[in-house]
Amino acid sequence: MYPILNLTAPINGLNHCGHIGHIVRDFPEICRLADKYQFEGVNIDLTGLNSFKIFQYKQIMNQFGLKPVSFGLPLDLFSSQKDFEQKLPIFELQAKQANEIGCNLTLCYLPPFSNEINFNDLFIQTSNRLRDLHPILKENNLKIGFEFIGPTETRRHTKYDFIHTIDGTRALIASAGLYGYGGFKLDIHHWQNSGASILDIEHLDLEYILYVELNDGLCGYDIFTIPEFDRELPLATGVTKIEEFLTSLYKKGYSGPIAVEPWNKTIQNMSLEDATKAVKESFDKTQALIKN
């Protein structure tokens, strides 16, 4: 398991203080910070990239000895059919660019509800659209990591449920024929607050686990009331079962990327330098917990 610094734009351009609350467009600066605080990889933003910039990306990452880890899926699986079809060529282009850079993972999230389409119809629609992505993924040695959203809070006042568990995500991957190309962007917050346990991780094929996110929950809540968009740095509160989670991943043989995603206004209001340092220090503390 190795730490990555994520300073790219939020998934699908959502305006939130996710990641570490800072979005940086200056790629050399991202790599400088990652190198200074001993991260091993960075996420990349492929928006508007051309062949010259691809060369620059590779050169800069080689200079700092960093791995290109992932980029955000540039289309919305849940938009209109027309919009999806219009964005498909953009994804095809970015998949080729990512492959050339050496980045073999794209990330997206699964909304846990819909107010327009029932579960059955939305599942079928999403599965069919993912089948359209399959040839692009295969051609470009690319995998897609899905983040399910666990907390009940997000579904309490909505019309229809959608996928919000490990099993639901696995079912979607199977339905779309994406086994080997689809897996999890596994956020510990969503794992714990979906009602999952260590057993669920133990029963996951290792190939499913593509990307991991760490944070800590707020005190005074249970899994039915805990907020989705307020969290702390790992080990800040002790609410989240970080030691058990990481130990289970270690025993399973997971050796991939881990990002810290606190969703925290305090971190957001720090300077970029201080926020980066705080995030790395919190990651290092979590690694000391892992038990063989």
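Leaving aside its neighbours within four places in sequence, with which residues is His-22 in contact? I shall begin with that residue, after a word on the model. This is a predicted model, in which local features need pLDDT of at least 70 and side-chain atom pairs count only at pLDDT 80 or more, while totals for chains, interfaces and linings use all residues. Residues are numbered from 1 along each chain as its sequence is written, and side-chain values use heavy atoms, with hydrogens and water left out.

His-22 is found in the loop between strand S1 (2-5) and helix H1 (27-36); helices (H or I, at least four residues) and strands (E, at least two) are DSSP runs, numbered from the N terminus. Beyond its sequence neighbours within four places, His-22 is in contact with Leu-7, Ile-267, Gln-268, Met-270, Ser-271, Leu-272 and Ala-275, contact meaning heavy atoms within 4.5 Å. For one of these residues, Ile-267, the backbone oxygen is reached by the side chain of His-22 at 3.2 Å. The relative accessibility of His-22 is 14%, and the residue therefore counts as buried. Buried means under 20% relative accessible area, exposed over 50%, and partly exposed in between, with a 1.4 Å probe and protein chains only.

Let me turn to the strands. Five of the six residues of strand S7 (residues 143-148) are buried, so S7 is largely enclosed by the rest of the structure. S7 runs parallel to strand S5 (residues 105-110), and six bridges join the two; strands pair if DSSP finds at least two bridges between them. S7 also pairs with S9 in the parallel sense, over three bridges. Ile-144 of S7 is the bridge partner of Thr-106, and Ile-144 also stands opposite Gly-182 in S9.

Next, the aromatic residues. The whole structure holds nine aromatic pairs. Rings of Phe, Tyr and Trp (its six-membered ring) pair if their centres lie within 6.5 Å; planes under 30 degrees apart count as stacked, over 60 as edge-to-face and the rest as tilted. Tyr-179 and Tyr-208 form an edge-to-face pair, 5.5 Å centre to centre with 80 degrees between the planes. This pair links distant parts of the chain, 29 residues apart: Tyr-179 lies in the loop between helix H5 (166-175) and strand S9 (182-187), and Tyr-208 in the loop between helix H7 (198-202) and strand S10 (209-214). Tyr-179 is partly exposed at 47% relative accessible area, whereas Tyr-208 is buried at 9%.

Tyr-208 also pairs with Phe-184: the ring centres are 5.8 Å apart and the planes are at 80 degrees, so this pair too is edge-to-face. Phe-184 lies in strand S9, so the pair ties together parts that are 24 residues apart in sequence. Phe-184 is buried, at 0% relative accessibility. Elsewhere, Phe-78, Phe-119, Phe-123 and Phe-162 form one aromatic cluster.

Finally, the cysteines. How many disulfides are there? The count is zero, a disulfide being a pair of cysteine sulfur atoms within 2.5 Å. Cys-103 is buried, with a relative accessible area of 0%, and Cys-108 is buried at 3%.

Notes:
A polar contact is a pair of N or O atoms within 3.5 Å; within protein, one must be able to donate a hydrogen and the other to accept it, and residues adjacent in sequence count only if both atoms are side-chain atoms.
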